[in-house]
Amino acid sequence: MSQNSAEFPQLKSVFPSVKMKIAVLGATGQTGQYLVNQALQQGHAVTAIVRNPGKLTVQHEKLKVVEGNIFSEDSLKLHFQGQDAVISCLGFPASFLSGVTGYTLSMRAAVSAMREAKVNRIITMTSWYTDPNSGTQSSYLIRFLLLPMIRSVLSNMFEMEHFLKKTQDVNWTVVRPPGLKNLPATGKEFLTHEGYFVPDSNGLPVGSAVGRGDVARFMLFLLNTDVWFNKAVAITTKNE
C-alpha cells in the first residue's frame, strides 16, 4: 500500500467509544438505517432529520425523529442545535437530463446551518471515482459502462467534495466507498487511502463492493478520531 494507505483492524477495540449527540441526514436510506441502528447500539443519541418521519420505523429512547428540509439552512439549524456532529448518508439518483444537484445544495445548507448552530464536525459519503480522470485503472465494465451511467451523480459528488475542501471552519471527512451491497456490518478490517480509490501495490484498484453496514461502521468510527479531519478517504474491506 502507498504511504497514504492504512489498515484498520477491529475499530471498536482500537479507539475509545465516546457517546455523542448526532444529527443524521438520509436516515431512511439503506445506509442511513444501518448507521442509525449502529449509533444507537453504541450509545449515541441520534436525531434523524427526515422528510417523512413515518418511513423510519425504529424506536429507541435515544432516537429522536424529526421532519426537516435538507435544502433549508433554517430547517436544519433548528435540529442541529446541541449536536456534537452531523453525519450525512444522503444519496440522489442519476439524471441524464437535468443533472444532479442534491449533494451540493444539501451540503451548502448543512454547513451554513452548522455555523449557526455552532456544530463543527460533519461526516459524509460519496464514492470511488468522483474525479472524472480517476477511473482509468478500473475494469473495462466499470470504466466504459458503469461510470458513464452514474457520471451525473459522481460529478455532483465531486463538486460537493470541492466545496468542503474550501470550507476552513468545519472539520469534515468524506468517506468514499466502492460499490455498495445491502449487507450488515462485519468484523472485516478496512483498507483506506487518501484518494479516489484504494490501490494495491501496483496502483490498481483493490476490492469491488462493500456492505452498507460496514460503511456505516467506518463513518461512526470517525467520530472518535481526528486522523481524517478535512480529508477524503477511499475505503474498502480486506478479504479474509
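This is a predicted model: local features need pLDDT of at least 70, side-chain atom pairs count only at pLDDT 80 or more; totals for chains, interfaces and linings use all residues.
The buried positions of helix 4 are G102, Y103, T104, S106, M107, A109, A110, V111, A113, M114 and A117.

K118 follows helix 4 and has a positive phi, near 60°.

## The largest pocket

The largest pocket holds about 1100 Å³ of space. It is lined by 46 residues, of which L90, G91, F92, Y103 and R212 are the closest to its centre. The lining divides into 25 nonpolar, 18 polar and three charged residues. Elements that each supply at least two lining residues are helix 2 (30-41), strand 3 (45-50), helix 5 (140-149), helix 6 (151-165) and strand 8 (179-181).

## Aromatic pairs

The model contains eight aromatic pairs. One of them, F71 with F92, is tilted, with 6.2 Å centre to centre and 35° between the planes. F71 lies in the loop between strand 4 (63-67) and helix 3, and F92 in the loop between strand 5 and helix 4, so this pair ties together parts 21 residues apart in sequence. F71 is partly exposed, at 42% relative accessible area, whereas F92 is buried, at 18%.

F190 and F218 form an edge-to-face pair, with 5.0 Å between centres and 65° between planes. This pair ties strand 9 (residues 190-193) to helix 7 (residues 212-221), since F190 lies in the former and F218 in the latter. F190 is buried at 0% relative accessibility, and F218 is buried, also with 0%.

How values were computed. Residues are numbered from 1 along each chain as its sequence is written. Side-chain values use heavy atoms; hydrogens and water are left out. On a 1 Å grid over the protein atoms alone, a cavity is a set of points where a 1.4 Å probe fits but cannot get out, and a pocket is an open set with protein on both sides within 12 Å along at least five of seven lines; lining residues have an atom within 4 Å of a point. Grid points are joined across faces, edges and corners, and a volume is the space filled by probe spheres set on the points. Helices (H or I, at least four residues) and strands (E, at least two) are DSSP runs, numbered from the N terminus. Ala, Val, Leu, Ile, Met, Phe, Trp, Tyr, Cys and Pro count as nonpolar, Asp, Glu, Lys and Arg as charged, and the others, Gly among them, as polar. Buried means under 20% relative accessible area, exposed over 50%, partly exposed in between (1.4 Å probe, protein chains only). Rings of Phe, Tyr and Trp (its six-membered ring) pair if their centres lie within 6.5 Å; planes under 30 degrees apart count as stacked, over 60 as edge-to-face and the rest as tilted.
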